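Colleague: I am new to this structure and would like to go through it with you one step at a time. Could we begin once it is on the screen?

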Amino acid sequence: IMVYKKIGSYKYTAFIGADNYKIGQDAGNYILNMMESSARILEIRGLDGSTPALERHKGLMDVVKDAPNIKIVGSIDGGWLQKSAMDAMDSILSVSQDIDVVFAQNDRMAMGAYMAAQKHQCETKMKFVGVDALPGKNYGLDLVMQGILDASFIYPTEGDKVIRLAMDILGGLPYNKDNELSSALVD
């Protein structure tokens, strides 16, 4: 059973997780609506080669590629880590601050980018969008409520459904090979 991440093959029993391509599309549409006429977007990707990073990137690109006055000014690897994203963002801001929106493929990286922007005193000039929207202090939901992130997209964990799927498989009961969990915007 693959939970949350896929592999490059159909040789698996079942997958359960959100549609990362759709999350990328939803993020792109949110940014287009939020910025209305024009935007310079910096994308901070998760670990290169991971299916969530690839699919979220493709979803975002498919939405913004034909949008007039929307420009992807960079797409950098943040490795799903706050510090990596902060260091990469710091390097970029040392050269240019021509960024309107940062789309980070998870909230930790969005926070890292925000911290780097604070260091360069330009955090109020940018909007920050992440993914996960986990509850808890300094996690996605809290960051949105604090106004640090403009939005985050829920990546559902729903461990109970994972266990139920495993029990159905082990019990010889019918099950779906692909099981999509729903995401939602939090802003």
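Colleague: Which residue in E2 is the bridge partner of Val3?

Modeller: Please keep in mind that this is a predicted model. Strand E1 is joined to strand E2 (residues 15-18) by 2 bridges, and these strands run parallel. Within that pairing, the partner of Val3 in E2 is Ile16.

Colleague: Which helix packs on the sheet that holds E1 and E2, touching E1, E2 and E8?

Modeller: That sheet is open and parallel, with 3 strands in the order E1-E2-E8, and its edge strands are E1 (2-3) and E8 (178-181), each of which pairs on one side only. The element packed on the sheet has a direction that makes about 165 degrees with that of E2, and it spans residues 159-170: helix H6.

Colleague: How many residues of E6 are buried, and through which helix does the chain cross from E5 to E6?

Modeller: Taking under 20% relative accessible area as buried, strand E6 (residues 127-132) is mostly covered, the count being 5 of its 6 residues. E6 pairs with strand E5 (residues 101-104) in the parallel sense over 3 bridges, and Val129 in E6 is the bridge partner of Phe103. The crossover that leads the chain from E5 to E6 is a right-handed β-α-β crossover, and the helix it passes through is H4.

Colleague: Which residue in E7 stands opposite Val129, and which helix lies on the path from E6 to E7?

Modeller: E6 pairs with strand E7 (residues 151-154) in the parallel sense over 4 bridges, and there Val129 stands opposite Ala151. The chain passes from E6 to E7 by a β-α-β crossover that is right-handed, and the helix on this path, residues 140-146, is H5.

Colleague: In which sense do E7 and E9 pair, parallel or antiparallel?

Modeller: The bridge partner of Phe153 in E9 is Leu185. E7 and E9 are joined over 2 bridges, and the sense of their pairing is antiparallel.

Colleague: At roughly what angle do the axes of H3 and H4 cross?

Modeller: Residues of H3 that meet H4 include Met86, Met89 and Leu93, and those they meet on H4 include Met111, Met115 and Ala116. The residues of this contact divide into 10 nonpolar, 2 polar and 3 charged. H3 passes H4 in a right-handed crossing, and the axes of H3 (residues 82-95) and H4 (residues 107-119) come within 7 Å and cross at roughly 40 degrees.

Colleague: Is Gln121 buried or exposed?

Modeller: Gln121 is found in the loop between H4 and E6, and its C-alpha atom is separated by 32 Å from that of Ser50, 71 residues apart along the chain. Its relative accessible area is 67%, and because exposed means over 50%, Gln121 is exposed.

Terms used: Residues are numbered from 1 along each chain as its sequence is written. This is a predicted model: local features need pLDDT of at least 70, side-chain atom pairs count only at pLDDT 80 or more; totals for chains, interfaces and linings use all residues. Side-chain values use heavy atoms; hydrogens and water are left out. Axes are lines fitted to C-alpha atoms, for helices over the stretch in contact, and angles run from 0 to 180 degrees between N-to-C directions. A crossing is left-handed if the near helix is turned anticlockwise from the far one by less than a right angle, and right-handed if clockwise. Contact means heavy atoms within 4.5 Å. Ala, Val, Leu, Ile, Met, Phe, Trp, Tyr, Cys and Pro count as nonpolar, Asp, Glu, Lys and Arg as charged, and the others, Gly among them, as polar. Buried means under 20% relative accessible area, exposed over 50%, partly exposed in between (1.4 Å probe, protein chains only). Two strands pair if DSSP finds at least two bridges between them. A crossover is right-handed if, with the strands pointing away from the viewer, the path from the first strand over the helix to the second runs clockwise.
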